[in-house]
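Me: I am new to this structure and would like to go through it in short questions. Please show it before we start.

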Amino acid sequence: MKITISQVPNQKDQTVTIGAWLANKRSSGKIAFLQLRDGTGFMQGVVAKNDVSEETFELAKNMNQESSMYITGQIVEDTRSPFGYEMQVSAIELIHESSDYPITPKEHGTEFLMDHRHLWLRSKRQHAVMKIRNEIIRATYQFFNDNGYVKIDPPILTGSSAEGTTELFHTKYFDEEAYLSQSGQLYMEAAAMAFGKVFSFGPTFRAEKSKTRRHLIEFWMIEPEMAFVEHDESLEIQEQYVTSIVKSVLENCKLELQVLERDTTQLEKIQAPFPRISYDDAVELLKEKGFTDIEWGVDFGAPHETAIAESFDKPVFITNYPAEIKAFYMKPHPTQSDVVLCADLIAPEGYGEIIGGSQRIDDLALMQKRYEQHNLTGPAYEWYLELRKYGSVPHSGFGLGLERTVAWLAGVEHVRETIPFPRLLNRLYP
Ligand code: 4AD
Ligand code: MG
């Protein structure tokens with residue numbers, strides 16, 4: 001019977017065949033230990049000289065890393081491995097002999113590994129990170145589907161900027177100027193007026209000259225948008241959503257977290273509600289912590305966010321930033337006119353901002369005024385203003401950056417390891 005490694009726990013004592021690659025091997029005179037992988041998991045195959053033909057034993061001993069095969073044997077329990085099972089091999093059918101695989105079990109530099117990303121993805125650690133990414137995506141669909149949201153796909157090619165004009169990728173759209181989407185938000189607002197509660201999940205692009213461990217040029221964002229939902233209610237939705245993905249990863253990615261040596265005690269503490277601190281109070285807190293240069297009105301950088309996050313053992317919302325440093329669409333605070341109804345959610349352990357969200361301006365005249373202040377003219381925005389013209393309602397939404405969330409939950413230092421093929425300031429290959 002042909003099965004996958006993921007199905008092995010159901011096949012104890014059975015003789016099965018698995019299509020696999022050789023990740024690594026070790027052998028002595030009488031026994032060979034093959035580290036097998038098949039995409040669904042990793043498992044050891046034990047080839048004992050006395051149990052197999054001479055030909056098979058020679059093959060097992062001499063096979064090169066990443067050779068592919070059909071391997072047959074009996075599944076037995078193996079209490080020493082975290083996986084819990086191994087195969088007592090009886091036969092091997094070589095499919096393709098690999099030679100000189102560039103990524104060997106020794107240490108390699110990051111640039112080398114990044115140049116070989118198409119192969120690096122096969123490694124145990126990268127496999128674990130991608131499985132956690134996949135679980136977050138799965139849990140995201142589950143959370144929003146269970147809570148009555150409709151998935152809506154905003155366009156990638158757009159005629160206007162959503163977040164700010166300096167970070168746009170330009171392209172030609174026949175005779176028009178077009179841009180790659182920085183955020184689907186404006187379209188999601190239109191969708192919320194049609195479907196009530198909506199979410200999107202798709203790639204977004206920022207032509208940012210940032211070379212930090214938190215910045216990608218192309219990243220994936222989850223953007224929920226809700227009609228008749230005020231800012232405070234949106235924060236509650238955000239903490240429930242984040243709590244649900246943390247819980248799913250803890251429950252369904254135990255092996256992966258172990259491979260990554262993630263200290264899960266920090267993650268187990270993550271439960272709603274999350275603390276909230278206003279921008280005003282955050283500035284005071286930073287001054288107390290010795291950031292003497294910080295003044296009201298400046299945006300926070302990574303060191304500031306990390307310092308604020310250190311005061312809490314859960315993600316923390318920094319709310320009500322100065323209007324000046326935030327996007328044009330954010331609704332002013334009702335009693336404090338120089339700040340807006342927004343929040344950034346800062347992950348613990350130095351992983352930085354994972355969510356940016358706000359209540360949106362629903363008043364047509366005020367939105368028109370913001371357009372003038374931000375020099376946002378032209379037909380591309382007309383449709384957006386019309387949302388305020390025909391039955392405008394209070395509405396809020398947010399964007400969660402998938403890669404930063406993966407980095408946090410997987411405990412991975414740099415976002416370049418959290419997306420299959422990262423696009424970075426100096427990298428478009430492979
Ligand atoms: O804070 P941002 O820019 O917010 C928006 O785009 C809103 N329009 C979202 C909304 O309200 N619908 O981006 C949201 C999140 C950030 O918190 C961060 O997690 C992630 O997207 N992000 C990036 N991730 C990786 N690389 C980058 N260059 C990122 N820029 C933002
Ligand atoms: Mg932001």
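Reply: Two strands pair if DSSP finds at least two bridges between them. Helices (H or I, at least four residues) and strands (E, at least two) are DSSP runs, numbered from the N terminus. This is a predicted model, in which local features need pLDDT of at least 70, side-chain atom pairs count only at pLDDT 80 or more, and totals for chains, interfaces and linings use all residues. Residues are numbered from 1 along each chain as its sequence is written, chains are lettered from A and ligands numbered from 1 in the order in which they are written, and side-chain values use heavy atoms, with hydrogens and water left out.

Me: In which sense do β4 and strand β6 pair, and over how many bridges?
Reply: Strand β6 covers residues 85–96. In β6, Met87 is the bridge partner of Gly45. The sense of the pairing between β4 and β6 is parallel, and the number of bridges is three.

Me: Over how many bridges do β3 and β4 pair?
Reply: Strand β3 covers residues 31–37, and its pairing with β4 is antiparallel. Ala32 stands opposite Val47 in β4. The two strands form a hairpin with four residues between them, and Gly39 in the turn has a positive phi of about 95°. The number of bridges between β3 and β4 is seven.

Me: How many residues of strand β4 are buried?
Reply: Buried means under 20% relative accessible area, exposed over 50%, partly exposed in between (1.4 Å probe, protein chains only). Phe42, Gln44, Val46 and Ala48 point one way from β4, while Met43, Gly45 and Val47 point the other way, and all are buried. Strand β4 (residues 42–48) is largely enclosed by the rest of the structure, because its buried residues number seven of the seven.

Me: What share of the residues in the protein chain is buried?
Reply: The protein chain has 13 helices and 17 strands, and its C-alpha trace spans about 85 × 55 × 40 Å along its principal axes. Of the 430 residues in the protein chain, the buried share is 51%.

Me: Is Met226 buried or exposed?
Reply: Met226 lies in strand β12. Its relative accessibility is 0%, so Met226 counts as buried.

Me: Which element gives the largest share of the lining of the second largest pocket?
Reply: On a 1 Å grid over the protein atoms alone, a pocket is an open set of points with protein on both sides within 12 Å along at least five of seven lines, a cavity is a set of points where a 1.4 Å probe fits but cannot get out, and lining residues have an atom within 4 Å of a point. The second largest pocket is lined by 43 residues, and Glu163, Arg206, Lys326, Glu353 and Arg404 lie nearest its centre. Among the elements that give two or more residues to this lining are β12 (218–227), α10 (302–309) and α13 (402–410). The largest share, six residues, comes from β16.

Me: What is the volume of the largest cavity?
Reply: The structure holds two cavities of 30 Å³ or more. Grid points are joined across faces, edges and corners, and a volume is the space filled by probe spheres set on the points. Residues lining the largest cavity include Thr158, Ser160 and Trp383. The volume of the largest cavity is about 50 Å³.

Me: Where is Pro273 found?
Reply: Ala272 and Pro273 are joined by a cis peptide bond, with omega about 0°. Pro273 lies in the loop between α8 (265–268) and β13 (276–278).
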